Every structure is written in C-alpha cells, then in structure tokens.
Amino acid sequence: MKEFCSLPDGELEIMQIIWDCVPPVSRGAIEEKLLQEKHLAPTTILTFLTRLCDKGFLRAERQGRMNLYTPLISRRDYLAKESRRMLDRLYGGSLSAFAVSLCDSGITKEELAQLQTMLEEDML
C-alpha cells in the first residue's frame, strides 16, 4: 500500500466528495456539494485542491479554463491506512483492546453480526 499522510478535516471533506463522484470532478461540482453542508470560499476550496494535488491524493488536468480532479488514492486504501494508524496509536496495535472498546461503546448484536460477516467474507 502506498505511504501517505493523514488528511486534516477540510481536505478529507473534499476527498470524500470527490470519492463520491464519478471522476474527473470539477471544482464547481465540489462547491455545489459543499454548499449543501456549509459554505467555503472558492479560494479555500482551491487551496485544499492544490494541497491534495501536492500531497499526491489528486491529479489535476486542465480542460479549457478549468481543472478536473481525479483521485490517485482510493477511499478504501485511505481508510485502511487510517484504521491501522488509529489501532496503533490508540490501542498500541492491540486488536483485542480495540474489540473490548468497541463492545463497551454499545455496539448492538446486529452490528456485531454484520461485522463478523464482513470479516469472514473479506478473509475468503
């Protein structure tokens, strides 16, 4: 798996939008989705997009007067890496300590069964 950094909240929010869209994605499409949640200035969005390109998360391609953005890192790869970092940082890499914490958090039997099914299917 590629080595990459954790993203700050603002950049992660932009990546979530891009991952939800069919690439390539225009800044206008990103702004439109963001307006449903909150308002960010176009210059702020552009700054986030530039940073994401610099960090290797996105590729920008010029089309006419605008850039179109394509993710270079999948959501699945990013979440897997972040999950491992969280496990290492918060639980010292102990999966059993994480499981105990998850059970203490109020996970339902249905959620636990769903998790078990997902893990079993992924292991096959």
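In which strand is Ser26 found? Ser26 lies in strand S1, residues 25-26; strands (E, at least two residues) and helices (H or I, at least four) are DSSP runs numbered from the N terminus. The model is predicted, so local features need pLDDT of at least 70 and side-chain atom pairs count only at pLDDT 80 or more, while totals for chains, interfaces and linings use all residues. Residues are numbered from 1 along each chain as its sequence is written, and side-chain values use heavy atoms, with hydrogens and water left out.

Ser26 counts as buried at 17% relative accessibility, where buried means under 20% relative accessible area, exposed over 50% and partly exposed in between (1.4 Å probe, protein chains only). Not counting residues up to four places away in sequence, Ser26 touches Met66, Asn67 and Leu68; contact means heavy atoms within 4.5 Å.

**The nonpolar core**

A nonpolar core is a set of buried Ala, Val, Leu, Ile, Met, Phe, Trp, Tyr and Cys residues joined through side-chain atoms within 4.5 Å. The largest one holds 20 residues, of which Ile14, Ile18, Ile30, Leu49 and Phe57 touch the most other members. Helices H1 (9-20), H2 (27-37) and H3 (42-54) are the elements that give two or more residues to this core, and H1 gives the most, with five residues.

Ile45 is placed in helix H3 and is buried, with a relative accessible area of 1%. The C-alpha atoms of Ile45 and Gly28 are separated by 9.8 Å, although these residues are 17 apart along the chain.

| Residue | Contacts (heavy atoms within 4.5 Å) |
|---|---|
| Ile30 | Ile14, Ile17, Ile18, Val25, Ile45, Leu49 |
| Ile45 | Ile14, Arg27, Ile30, Glu31, Leu34, Leu40 |

H4 has 17 residues and reaches 23 Å from its first C-alpha to its last, close to the expected 24 Å, which is 1.5 Å times one less than the number of residues. The buried residues of H4 are Tyr78, Lys81 and Leu87, and their cover includes H1 and H5. Just after H4, Gly92 takes a positive phi of about 60 degrees.

The axes of H4 (residues 75-91) and H5 (residues 95-104) come within 9 Å and cross at roughly 90 degrees. The two helices are therefore roughly perpendicular to each other, a class that covers angles of 65 to 115 degrees. Met86, Leu87 and Tyr91 of H4 make the contact with Leu95, Ala97, Phe98 and Ser101 of H5.

Methods
Axes fitted to C-alpha atoms, helices over the stretch in contact; angles between N-to-C directions. Parallel < 35°, antiparallel > 145°, perpendicular 65-115°, else oblique.
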